[in-house]
Amino acid sequence: MKIKYKFIFTLLFFATFQYNLIADAEDQESIEINAKIEIEKVSRNIINALRYGKFGLADAEWKKIQSDVYKSFAEYDYLNGSLLYSRMEWQEAKESLNRTLKKEPNHEAASFLLGMIYAQEDSWSEAKETWLETNQISPYNPFYHYNLGLAYYILKDYNNAITSLSKSLEYKANYNEAKLILAKTYLELNQVEKAKSELTTILEQDPKHMLASHLMGRVVYLLEKDPKKSLSFLKNPRALGWREKKVYARCFFEMRKWREAENLLRPIAYSPFADEYDQSFYLNLLLNLGFDERANDFFHFIQKQSQNESKIAEAYRMLLSSREGKDLLYHYFKLRY
């Protein structure tokens with residue numbers, strides 16, 4: 001009889017123990033499900049707040065998910081990386097985004113943002129490689145293809161730039177930013193008519209598009225050599241890229257507006273990548289304006305310049321292109337500063 005009671009007691013003990021294990025497992029599963037629901041909700045709130053520059057709200061939402069139960073999720077590291085990105089803390093943001101991708105290799109938002117950090121750091125080769133991976137994860141996003149095309153453009157890989165930008169336009173037909181970079185790419189390849197075609201479609205849709213207008217003035221001068229017509233496309237001299245400055249300086253010169261031409265050409269003439277044509281043109285401008293002393297000083301400046309500064313010149317060009325590129329990138333988040 002004692003053996004029978006002992007056996008029943010043992011069965012009850014194990015049944016209770018197993019029940020408690022199942023209950024604990026269910027409780028843990030319930031905690032994880034609730035945590036996942038919560039972090040997804042907070043994630044939406046943080047991302048929307050960052051997109052609209054509501055940084056205080058983003059920080060407040062972040063504080064809601066600081067218990068250990070959330071830290072195992074890839075989304076936790078992504079949100080941390082996004083907040084660090086908004087503060088321009090690039091290195092820490094990269095580390096957090098890399099943790100995200102280690103946990104979840106197909107996290108497209110983390111991959112895209114990692115590429116953005118490389119671009120912000122002027123590391124366009126790394127940005128390109130990262131965005132190639134982003135496009136493999138999500139091949140139908142026009143903004144991903146656009147940024148990849150812009151990276152190719154800055155790296156002077158023009159054929160791949162055309163491919164990526166065309167792909168962007170395939171998924172977003174009236175994407176004027178993609179058309180603009182495509183026009184710039186065609187100009188670099190001296191395919192001026194193709195550039196004109198892209199710019200025409202932009203200006204038909206948005207006649208006030210300043211960058212497209214500036215590029216169209218350059219195209220008109222290249223095709224027609226009509227300085228007056230080219231200058232009709234000039235909206236804001238301060239917003240011109242260095243290539244456009246050279247063209248519009250020539251237009252002003254031919255219209256005998258030498259002071260305007262000198263103002264545009266000065267930063268080009270003193271730059272490391274000014275060629276002999278730029279320098280002689282600028283010297284001529286100074287003399288036409290009667291600035292004999294400045295012309296003499298500039299002549300001595302170019303005499304002292306080393307002819308072996310091609311690496312410096314190329315680095316300077318790259319930095320100018322990078323600065324221009326960062327303004328033209330598709331930005332998913334605003335920055336705090």
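On a 1 Å grid over the protein atoms alone, a pocket is an open set of points where a 1.4 Å probe fits, with protein on both sides within 12 Å along at least five of seven lines. Its volume is the space filled by probe spheres set on the points, which are joined across faces, edges and corners. The model here is predicted, so local features need pLDDT of at least 70 and side-chain atom pairs count only at pLDDT 80 or more, while totals for chains, interfaces and linings use all residues. Numbering runs from 1 along each chain as its sequence is written, and side-chain values use heavy atoms, with hydrogens and water left out.

The largest pocket holds about 580 Å³ of space. Its lining (residues with an atom within 4 Å of a point) counts 26 residues, and Ala239, Leu240, Gly241, Trp242 and Glu324 are the closest to the centre. Helices here are DSSP runs (H or I, at least four residues) numbered from the N terminus. Helix 9 (176-188), helix 11 (210-224), helix 13 (242-254), helix 14 (258-269) and helix 17 (310-328) each bring at least two residues to this lining, and helix 17 gives the most, with six. By class, the lining splits into 14 nonpolar, four polar and eight charged residues (Ala, Val, Leu, Ile, Met, Phe, Trp, Tyr, Cys and Pro are nonpolar; Asp, Glu, Lys and Arg charged; the others, Gly among them, polar).

Next comes the second largest pocket, at about 270 Å³. Of its 13 lining residues, Arg218, Leu222, Arg243, Lys246 and Val247 sit nearest the centre. Helix 13 makes the largest share of this lining, five residues, and helix 11 and helix 15 (276-288) also supply at least two each. Seven of the lining residues are nonpolar, six are charged and none is polar.

As for helix packing, helix 10 (residues 192-205) meets helix 11 at about 145°, with the axes 10 Å apart (axes are lines fitted to C-alpha atoms over the stretch in contact, and angles run from 0 to 180 degrees between N-to-C directions). The contact (heavy atoms within 4.5 Å) includes Leu199 and Leu203 of helix 10 and Leu215 and Val219 of helix 11. Its residues comprise 11 nonpolar, two polar and three charged.

Helix 3 (residues 74-86) and helix 5 (residues 108-120) have axes that come within 11 Å and cross at roughly 25°, which means that helix 3 runs roughly parallel to helix 5 (angles under 35 degrees). Tyr78, Gly81, Ser82 and Tyr85 of helix 3 touch helix 5 through residues including Leu113 and Met116.

How values were computed:
Parallel < 35°, antiparallel > 145°, perpendicular 65-115°, else oblique.
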